[in-house]
Amino acid sequence: MASAFAHGVVALALARAGLRGALPWYFWLLAVISAILPDVDVLGFHAGIAYGDLWGHRGMTHSLLFAGLWSMVMVGVFFRGQNWRRQRVGLFIVFFIITVSHGLLDAMTNGGLGIAFFAPFDETRYFFSFRPLAVSPLGLRAFFDTRGLYILYNEMIWIGLPSLGLLVIGLWRRYQMAGRVNTRIHED
């Protein structure tokens, strides 16, 4: 799997590139949680669930169905007021993409059993043919050695730089929108 740090960075970049306007602080927190959440399945190891099972690591919680259900819950619980009515579809799409990004990144790692994108309908595990990401250790302690530093360096190259590009695009779009609004105000 990619590290929780990498998943969080991708969430922030996708959210900024995908949505316009100011968003409340809790949106950003929920975006990061949504990107990391699929790894909740590692708790199954302690419950005796095997890695390759439907509810094992990289199984059901990494699926497209899970991402869709999770996104509906996020929008339905946290963005249900009238002031969010016009943005709900966009919020759903962004939460869906952020949650799916977890499995997409994991499918680019060099280890594990693959991702069950289509669970529970098809439990086949998939990897991409392009797999530049080093598998992250499951424990936080492992990041404080040479391997952990290598993983963070690897993620900076393959995840950090593209995420920075997305962030710049999102900020540029926001700047462009602000310019259009200011131009309209001055023209009137």
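Student: Is W25 buried or exposed, and what is its relative accessible area?

Tutor: Keep in mind that we're reading a predicted model. The idea is to ask what share of a residue's surface is left uncovered: over 50% counts as exposed. W25 has a relative accessible area of 64%, so this tryptophan is exposed.

Student: And how does Y26 count?

Tutor: Y26 comes out at 24% relative accessibility, which makes it partly exposed. W25 and Y26 also form an aromatic pair, with 5.9 Å from centre to centre and 90° between the planes, so read it as edge-to-face, given that planes over 60 degrees apart get that label.

Student: Which geometry do F79 and W84 show as an aromatic pair?

Tutor: F79 and W84 are edge-to-face too, with their centres 4.8 Å apart and 85° between the planes. Now check the cover: anything under 20% is called buried. F79 sits at 0% relative accessibility and is buried; W84, at 10%, is buried as well.

Student: Which residues form the aromatic cluster?

Tutor: W25, Y26, F27, W28, F79, W84 and F95 make up one cluster. Over the structure, the count of aromatic pairs comes to twelve.

Student: How many salt bridges does the count come to?

Tutor: One. You look for a side-chain nitrogen of Lys or Arg within 4 Å of a carboxyl oxygen of Asp or Glu. R58 lies in the loop between α3 (43–46) and α4 (64–78), while D106 belongs to helix α5 (residues 88–106), so the bridge ties together parts 48 residues apart in sequence.

Student: Are R58 and D106 buried or exposed?

Tutor: Both R58 and D106 are buried.

Student: Let's zoom out. How many helices and strands are there in the protein chain?

Tutor: Six helices and zero strands. Read from the N terminus, the order is α-α-α-α-α-α.

Student: What percentage of the protein chain's residues count as buried?

Tutor: Of its 188 residues, 40% are buried. As for surface, the chain exposes about 10700 Å², and carbon and sulfur atoms supply 69% of that.

Student: What share of the contacts join residues at least 24 apart?

Tutor: Take contacts between residues at least 6 apart in sequence: 64% of them join residues at least 24 apart.

Notes:
Residues numbered from 1 in each chain as written. Predicted model: local features only at pLDDT ≥ 70, side-chain atom pairs only at ≥ 80, totals over all residues. Heavy atoms only, no water. Helix = DSSP H or I, 4+ residues; strand = E, 2+ residues; numbered from the N terminus. Buried < 20%, exposed > 50% of the residue type's maximum accessible area, 1.4 Å probe, protein only. Contact = heavy atoms within 4.5 Å. Areas by Shrake-Rupley, 256 points an atom, 1.4 Å probe, with all protein chains shown as cover. Phe/Tyr/Trp six-rings, centres within 6.5 Å; stacked < 30°, edge-to-face > 60°.
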